[in-house]
Each structure stands twice: as C-alpha cells, then as structure tokens.
Amino acid sequence: MGEEQGNLKTATGDENLKDIFHNIRTTKTPAVINYGASWCRVCNQILPTFQELSKKFPKLSFIYADIDECLETTQNIRYTPTFHFYRDGERVDEMFGGGEERLHDRLWLHS
C-alpha cells in the first residue's frame, strides 16, 4: 500500500507513528488513526472505505497503523480495527470494529 492516496498515510513503524503523534499534537490537525492488522478480516474489508473516505474529508488527516508493524506504540490496542479521532491535538473519540456508515458518520462528526 506504501504510496499515499487521497489523504491517507501509512505508518511504517514505531518511530514513524511517534512522529505522526507529535505532528498531530503540535499542528493540532484533526486526524483519525485506523489501527488494524493484515490478518484481520474486518480491517481488510474497511481499509478501502477508509481510503475512499480520506478523499471526502480533506480537512482530516487519515493514518493507517498496522499493529504488527508498530508493536510498541500500539500495545494498548486490544481490538482491530480501532479508530482514534483527534481534535486540537487531543484524542476525543474512538470507535471499535467496522461498519462503513458508522465510520462515515463518525468522520462527519469530527470533520
């Protein structure tokens, strides 16, 4: 998936994800982080939708983090997929599991 499409970045590892967190905190850019795993069926089903939605909500930064690639920074993630929503540098919401409409509504709420 490497290259960026729409407004979606993929965290390449713990250091990269730490940089992304730092960027969210300092720039106060609204963001959503999708924590998933390559072996998670629901994660793989929602990822194309997440990518499409990144084009519909250009003011939000979209980040995908694979829990197996970012072991240290995602150790508190207990369920995949988990979506964390950030506003003004702070995490303000989270959503567990898939559901395209649920995700769209939550993104709309935070955009």
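Modeller: Here is a walk along helix α1 and then on to the strands that cover it. The model is predicted, so local features need pLDDT of at least 70 and side-chain atom pairs 80 or more, while totals for chains, interfaces and linings use all residues. Residues count from 1 along each chain as its sequence is written, and side-chain values use heavy atoms, leaving out hydrogens and water.

Start with α1 itself, residues 14-27 (helices are DSSP runs of H or I, at least four residues; strands are E, at least two; both are numbered from the N terminus). Its 14 residues reach 20 Å from first C-alpha to last, close to the 20 Å expected (1.5 Å times one less than the number of residues). Now, which residues of α1 are buried? They are Asp14, Leu17, Ile20, Phe21 and Ile24 (buried is under 20% relative accessible area, exposed over 50%, partly exposed in between, with a 1.4 Å probe and protein chains only). Looking down the axis of α1, these buried residues fall within an arc of 120°, so they line one face (the arc uses directions from the helix axis to the C-beta atoms). Glu15 and Asp19, on the other side of α1, are exposed. Just past the helix, Lys28 has a positive phi of about 60°.

What sits over that buried face? The cover includes β2 (31-36), β3 (61-66) and β4 (82-87) (contact means heavy atoms within 4.5 Å). Take β4: five of its six residues are buried, so the rest of the structure largely encloses β4. β2 and β4 run antiparallel, joined by five bridges (strands pair if DSSP finds at least two bridges between them). In that pairing, Ala31 stands opposite Tyr86 of β4.
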